[in-house]
Amino acid sequence: MGEVYLAEAKGAAGFAKRVVIKTVRADLAADPELVRQFVAEGRLLEALDHPNIAQILDLGLVDGTYFLAIEMVEGFDLRALQNALPGGEDGTPARVTEASALYVVACVARALHHAATRRRADGRRLSIVHHDVTPSNVMVRRDGHVKLVDFGVARSALFNRLSAGALRGKLPYLSPEHARNGIVDGRADLFSLGLVAWEMVTGTRVLEVGE
């Protein structure tokens, strides 16, 4: 639904910081429902504050187009990292070491716990479900720090997103309840994280279905 750009935010005294700019695609910008979803993503990110979640820097409107300015994560997603690893001489797929996999899982689990338990100023729990925990949405910076990204299909108990009949996420990483389009909570994200962990240490998917 969106387009993503690499940009540079400039300030006084030569200040410059690279950021990611996300916008609604021009051909979809007239759809009020998609615009509402896009703004809701910004509101979700605004409510989160955790070192393992890519931070939102701004939600703006320019010439009738909404944009999100998001922290630029200098690194690679898990999918790219795994694809870059050499496979075994016997033809076995590329695998991440167990220690590295456990580190990544712990970082993402902390991010998901924050999203699920974060409260607003009035004390109400946001109960955010990411809905799309996959290798392509887990970024590893060049210094090894892990960031969970892309809350574009997330849902919150307070900021309800997408119609009830809309299936969110990628099929190979959905929990059974999620795949049946049932009511899910943060445990669905943990199920998806378990599938990602399996893929890291074995080099293969648990569920071989189309995305």
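These notebook entries record what I looked up in the predicted model shown above.

**Entry 1. Ground rules**

I noted that this is a predicted model, in which local features need pLDDT of at least 70 and side-chain atom pairs count only at pLDDT 80 or more, while totals for chains, interfaces and linings use all residues. I also noted that residues are numbered from 1 along each chain as its sequence is written, and that side-chain values use heavy atoms, with hydrogens and water left out. Helices (H or I, at least four residues) and strands (E, at least two) are DSSP runs, numbered from the N terminus.

**Entry 2. Helix 1**

I began with helix 1, residues 32–47, and checked its length.

I then looked at the N-terminal end of helix 1, which is capped by Asp31: a side-chain oxygen of Asp31 lies 2.9 Å from the backbone nitrogen of Glu33. A polar contact is a pair of N or O atoms within 3.5 Å; within protein, one must be able to donate a hydrogen and the other to accept it, and residues adjacent in sequence count only if both atoms are side-chain atoms.

Next I asked which residues of helix 1 are buried. Buried means under 20% relative accessible area, exposed over 50%, and partly exposed in between (1.4 Å probe, protein chains only). The buried residues are Leu34, Val35, Gln37, Phe38, Ala40, Glu41, Gly42, Leu44, Leu45 and Ala47. An α-helix has 3.6 residues a turn, so residues three or four places apart point the same way. The buried residues of helix 1 pack against strand 2 (16–24), strand 3 (56–62) and strand 4 (65–71).

**Entry 3. Strand pairing**

I turned to the strands; two strands pair if DSSP finds at least two bridges between them. Strand 1 and strand 2 run antiparallel and are joined by nine bridges. Within this pair, Glu8 has Arg18 of strand 2 as its bridge partner, and Ala7 stands opposite Val19. Five bridges join strand 2 to strand 4, also in the antiparallel sense, and here Thr23 is partnered by Phe67. Strand 3 and strand 4 are antiparallel too, over six bridges, with Leu61 opposite Tyr66.

**Entry 4. Hairpins and positive phi values**

I looked at the turns between paired strands. The hairpin of strand 1 and strand 2 has five residues between the strands, and Ala13 takes a positive phi near 55° there. The hairpin of strand 3 and strand 4 has two residues between the strands, and Asp63 takes a positive phi near 50°. Asp63 counts as exposed, because its relative accessibility is 80%.

I found a further positive phi at Ser127, about 50°, although Ser127 is not a glycine. Ser127 is in the loop between helix 3 (98–117) and strand 6 (138–141). With a relative accessible area of 30%, Ser127 is partly exposed.

**Entry 5. Empty space**

Rolling a probe the size of a water molecule over the atoms shows where empty space is left. On a 1 Å grid over the protein atoms alone, a cavity is a set of points where a 1.4 Å probe fits but cannot get out, and a pocket is an open set with protein on both sides within 12 Å along at least five of seven lines; lining residues have an atom within 4 Å of a point. Grid points are joined across faces, edges and corners, and a volume is the space filled by probe spheres set on the points.

The largest pocket has a volume of about 320 Å³. Its lining has 17 residues, of which Val4, Val20, Ile70, Val149 and Asp150 lie nearest the centre. Strand 1 (2–10), strand 2, helix 1 and strand 4 each give two or more residues to this lining, and strand 1 gives the largest share, three residues.

I found one cavity of 30 Å³ or more. The largest cavity, about 30 Å³ in volume, is lined by Leu78, Arg79, Gln82, Pro135, Val196, Glu199 and Met200. Helix 2 (78–84) and helix 5 (186–202) each supply at least two residues of that lining.

How values were computed. Contact means heavy atoms within 4.5 Å.
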